[in-house]
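Visitor: I would like a close look at one single part of this protein, please. Could you pick one residue, describe its surroundings, and then step back to the whole?

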Amino acid sequence: MKTARMSASPSADVCAVLPGKLRTPDATDVIARQRLFSTLDELERYPLLWMADAPGSGKTTLIASYLAARELRHMWIMLDPRDSDPETFVHYLNLAAVALEPRCRGQLPELTIEDRRDITGFARRLWRTLAEHLGHHWYLVLDNIHEISDNSVVHQILRVAADELPYGTRLYLVGRSTPGRSYVRSLANHNLVLLERRTLRFTLEETRELLAIHARDAEAPTFLQLSDGWATGLILLLAFDERGDATPMNIDDTSVQHVFDYFASEVFDRLRGSQRLALLRVAMLPHASLSMAESIAGQAHTAAMLESLVKRNLFVDKRSGKEPVYTFHALFRRFLRDRARRQIPTSERTRLSRVAATLLEEDHQLDAALELLFESSDHEAAEALLFRHADDYALQGRFSALLGWLRELPRTRHDTPEHLYWSACCTSADDAMAAETLYNAAYERFTECGDMQGRFLAAAGSAEAVVYRGNDLRKLDRWLDLFESAPQAW
């Protein structure tokens with residue numbers, strides 16, 4: 001039986017191939033922005049640095065190139081909305097730490113349901129343990145910090161880091177939005193520094209440096225005016241300025257998607273038909289190794305196409321490792337997913353979703369696989385995948401995430417024995433009475449199905465809930481009699 005106290009260290013097969021979301025973007029062949037490198041050097045005394053600007057402003061590229069230029073030990077996590085669940089965040093943080101220092105395996109705490117009652121205490125233990133095993137002078141980059149909901153306790157865990165991490169260790173929080181109100185004290189205490197919006201915008205000199213690569217440096221003033229210093233805008237103008245009808249870009253959070261979609265359509269429409277289809281298929285994967293991309297695209301030229309986009313800095317970055325992993329810029333992936341919904345028939349999208357989910361499952365990207373299946377309303381495949389790996393979520397202490405996925409299933413599936421059992425496991429620490437009721441219902445359903453193992457697990461869970469409550473231990477008689485009557489069945 002899986003309980004809230006059980007945890008698991010990253011397994012060898014998981015660590016052998018680092019998930020795409022934990023890979024650092026490739027920083028080769030990018031402009032070394034010495035002005036901003038010097039700024040980051042000057043801000044080293046702050047344990048937390050928050051970098052906020054519009055999408056496509058070069059935040060990720062700047063940090064990746066800075067870490068490479070300074071040869072700094074670091075961990076990288078590309079956040080997504082599921083990381084708002086603290087158990088999920090801590091799980092991936094532990095995986096990243098083990099990848100940086102294998103001796104961390106089995107030494108770092110996983111967040112349990114009991115730890116939620118004292119998040120600050122757990123956070124202190126977490127950061128102190130990391131500091132003990134990683135030493136001094138390491139960096140943690142949390143890319144897409146805006147994906148963490150404002151009310152998530154992950155922010156509390158991050159604020160504690162400022163007080164616990166040794167000098168020379170820093171957290172880079174990178175995203176589209178500025179810090180919320182919960183960080184006011186961190187700012188006041190000089191534990192957190194904010195790199196203001198527009199700091200990342202290209203200057204005239206940096207624009208000249210970029211254009212010089214293309215022998216276009218004389219046109220720097222015009223490009224700077226048209227792009228408003230927006231990094232992606234400069235790249236787009238370099239690719240498409242032959243149209244001769246470009247207008248100034250007023251880049252803010254509301255206009256950037258509109259501007260991007262216009263140019264993204266230019267990139268997309270210039271590809272051959274087979275390349276466009278391959279790109280739509282690969283975009284179903286949030287992170288794709290080369291083998292995964294080729295599997296879902298089903299075309300031999302997929303690698304060459306992706307490499308071409310990477311070299312031209314057109315919305316695809318490559319993350320190195322045992323096998324390269326390709327990641328689409330968030331705006332470009334959104335554009336491609338929208339195109340897929342309009343251009344690929346529903347039945348074919350459903351088939352591709354199952355193919356993509358299988359690839360993601362094999363790559364240990366369970367959340368991404370489930371999200372894809374639910375998005376396509378393929379509840380049958382989602383349910384099968386969820387119950388194949390429910391024990392993995394439990395072993396990782398990710399009961400909140402598991403319960404969230406259970407609730408995504410249609411209500412008509414909420415009374416299956418598996419759903420009842422795992423719902424009970426997820427609620428046992430917070431509400432033993434509700435868990436007991438769910439375990440009992442699961443027991444009856446497993447009995448009807450003739451599932452002896454399921455009966456035993458549900459009975460054991462119910463007995464544990466009775467003991468946990470402690471107000472009517474006579475209920476144990478039923479289960480003790482059952483266990484004694486047919487021990488061979490268990």
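**A close look at H155**

Guide: Leaving aside neighbours within four places in sequence, H155 touches I148, S149, D150, S182 and Y183, where contact means heavy atoms within 4.5 Å. This is a predicted model, in which local features need pLDDT of at least 70 and side-chain atom pairs count only at pLDDT 80 or more, while totals for chains, interfaces and linings use all residues. Residues are numbered from 1 along each chain as its sequence is written, and side-chain values use heavy atoms, with hydrogens and water left out.

H155 itself sits in helix 6 (residues 154-164); helices here are DSSP runs of H or I with at least four residues, strands are runs of E with at least two, and both are numbered from the N terminus. With a relative accessible area of 4%, H155 is buried. Buried stands for under 20% relative accessible area, exposed for over 50%, and partly exposed for what lies in between, with a 1.4 Å probe and protein chains only. P179 is 24 residues from H155 along the chain, and their C-alpha atoms are separated by 9.7 Å.

For another setting, please turn to N189, in the loop between helix 7 (184-188) and strand 5 (192-195). N189 counts as partly exposed, at 44% relative accessibility.

Now let us step back. The protein has 24 helices and eight strands. Its radius of gyration is 25 Å, close to the 23 Å of the globule rule for 490 residues, so the protein is as compact as a globular protein of that length; the radius is taken over C-alpha atoms, and the rule is 2.2 Å times the number of residues to the power 0.38. Of the 490 residues, 52% are buried.

Back at L279, its contacts beyond four places in sequence include F268, M305, F332 and L336.
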